[in-house]
Every structure is written in structure tokens, then in C-alpha cells.
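I set out to record, entry by entry, what I looked up in this structure.

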Amino acid sequence: MIKLIAFDMDESFMPRKGFYERERWARDFDLLRAKGIRVLPISGDQYQQVADLFPMKDEMTIGGLNGSVIFEKGQLIKADEIDRSMVQKIMQIIAGNGLAQRTMLCGINYCYFLEQADPAFRERMNFYFSHNQNVSSFLPLPDDKFTEIVIVPGTGRMDETEEKLKAVCAEKTADF
């Protein structure tokens, strides 16, 4: 007996961003629900962005941020949260290596950009992460729980940054 149908959103369920056959899906969803089959769309996009695509979002399970957050009927049931002290150390390294303007900090509620973020970077990220807020600085950290940090290095010092990030992550791994 099938209990759950999970599917990737981008280029699987939706042949192009934001497009799917809504009337057909509404009929299919009603049939699945009548049979007691749960539905789980999952995406690298934010939960909010995926949920906004479905009028029946409060009757579904939805995965966002590459599965690091799962919502059941609009309620958060799973979050693979990065330790807050680890996020703080990572953001200090990013700022110290000139990468903050091309960094996005993904929380459960919003994704955060610096107010002075690179406009091309922001536009590119808005395609996938439309529920965001501007912050004047990443430190102190916004009041959220964080699951992902996106860095698009451009001309920043990524080699040096990568070594520092590996060292910070090794510290945390040693704590387990």
C-alpha cells in the first residue's frame, strides 16, 4: 500500500519555475488524499516559496532547503539546524575574508542578505529564496534558526576561507 508520494519540484514536477498544471494537480491531490496517501513536494528552495505554490499547503507535508526543513500541515516538524555558535564563527570568517556581500544566511523563517549585498548575487538568489530580509550586519545573528549558508565567492578569497571553515567544522566534529 502506498502511504506517501514524494517528488522534486524543479524540473520534475514543474517543467519551469513556478509552473505546473494547477487544476489537474488539485484533482490528483484530492484523489490521493481520499486514498490516505500523503504528498511531499521537496525542493532546494525555501519552504515558504514552495508552500506559496500550493493552495492546499496546509494539507501537505513540504520539504524545503534541500530537506533541512520539513513542515507538516504548515507546522515545522523537522529542522536540521546548524549550531548557533558555529554559525557565528562561520559568519565572522566570511566577513573577515571579504565574502559577506555574496553570502546568504538561510533561516527557517527568512533568508538574510546584507543591505549592501551584491545586486547580481541577490537577484540570482531571489529566484530560489524569495522570502528574505536585509540586515546591516550578519553579527549579531538575526533571531532565527539556521540551516544553510550560501556563499558565491566571486572575487573573494575563497581558498583561504575554505581552510578556515574546515578548521571550524573540524572543531565541532571533534565535540561529538
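The entries below begin with conventions and then go through helices, sheet, loops and single residues.

**Entry 1. Conventions.**
I note that this is a predicted model, in which local features need pLDDT of at least 70, side-chain atom pairs count only at pLDDT 80 or more, and totals for chains, interfaces and linings use all residues. Residues are numbered from 1 along each chain as its sequence is written, and side-chain values use heavy atoms, with hydrogens and water left out.
I take helices (H or I, at least four residues) and strands (E, at least two) as DSSP runs, numbered from the N terminus.

I looked up the span of α1, which comprises residues 22–34. Its 13 residues reach 18 Å from the first C-alpha to the last, close to the 18 Å expected at 1.5 Å a residue. The expected span is 1.5 Å times one less than the number of residues.
Which residues of α1 are buried? I found W25, F29 and L32; buried means under 20% relative accessible area, exposed over 50%, and partly exposed in between, with a 1.4 Å probe and protein chains only. They cover an arc of only 65° around the axis, which puts them on the same side of α1. That arc is taken from the directions from the helix axis to the C-beta atoms. On the other side of α1, I recorded E23, R27, L31 and A34 as exposed.
The buried residues of α1 pack against β1 (4–8) and β2, with contact meaning heavy atoms within 4.5 Å. G36 follows α1 and has a positive phi near 75°.
I then checked the two strands: β1 and β2 pair in the parallel sense over five bridges, where pairing requires that DSSP find at least two bridges between two strands. I5 stands opposite V39 in β2. Together, β1, α1 and β2 make a right-handed β-α-β unit. Right-handed here means that, with the strands pointing away from the viewer, the path from the first strand over the helix to the second runs clockwise.

**Entry 2. The four-stranded sheet.**
What is the strand order in the open sheet of four strands? I read β8-β7-β6-β9, with mixed pairing. β8 and β9 stand at the edges, each with a single partner strand, so one side of each is left without a neighbour in the sheet. The twist averages 25° from one strand to the next.
Strand β7 (residues 111–114) pairs with β8 in the parallel sense over four bridges. Within this pair, I located N134 in β8 as the bridge partner of F113.

**Entry 3. Helices across the sheet.**
I found α3 (residues 84–96) lying across β6 (103–107) and β9, at about 15° to β9. Axes are lines fitted to C-alpha atoms, for helices over the stretch in contact, and angles run from 0 to 180 degrees between N-to-C directions. Helix α4 (residues 119–126) lies across β6, β7, β8 and β9, running at about 170° to β7.
The buried residues of α3 are M86, V87, I90, M91, I93 and I94. Seen down the axis, they fall within an arc of 160°, so they line one face of the helix. Just after α3, G98 takes a positive phi of about 70°.

**Entry 4. Loops and backbone.**
I looked for non-glycine residues with positive phi and noted L65 at about 50°. L65 lies in the loop between β3 (61–64) and β4 (69–72) and counts as buried at 3% relative accessibility. K73 also has a positive phi of about 50°; its place is the loop between β4 and β5 (75–79).
The peptide bond from L139 to P140 is cis, with omega near 0°. P140 lies in the loop between β8 (132–135) and β9 (146–151).

Is Q46 buried or exposed? At 1% relative accessibility, I count Q46 as buried. Q46 lies in the loop between β2 (38–42) and α2 (47–51). Leaving out residues up to four places away in sequence, Q46 touches G64, L65, Y110, C111, Y128, F129, S130 and H131.
I77, in strand β5, is exposed, with a relative accessible area of 53%. With the same exclusion of residues up to four places away in sequence, I77 touches I70, F71 and E72. I also recorded that I77 and D118 are 41 residues apart in sequence and 34 Å apart in space, C-alpha to C-alpha.
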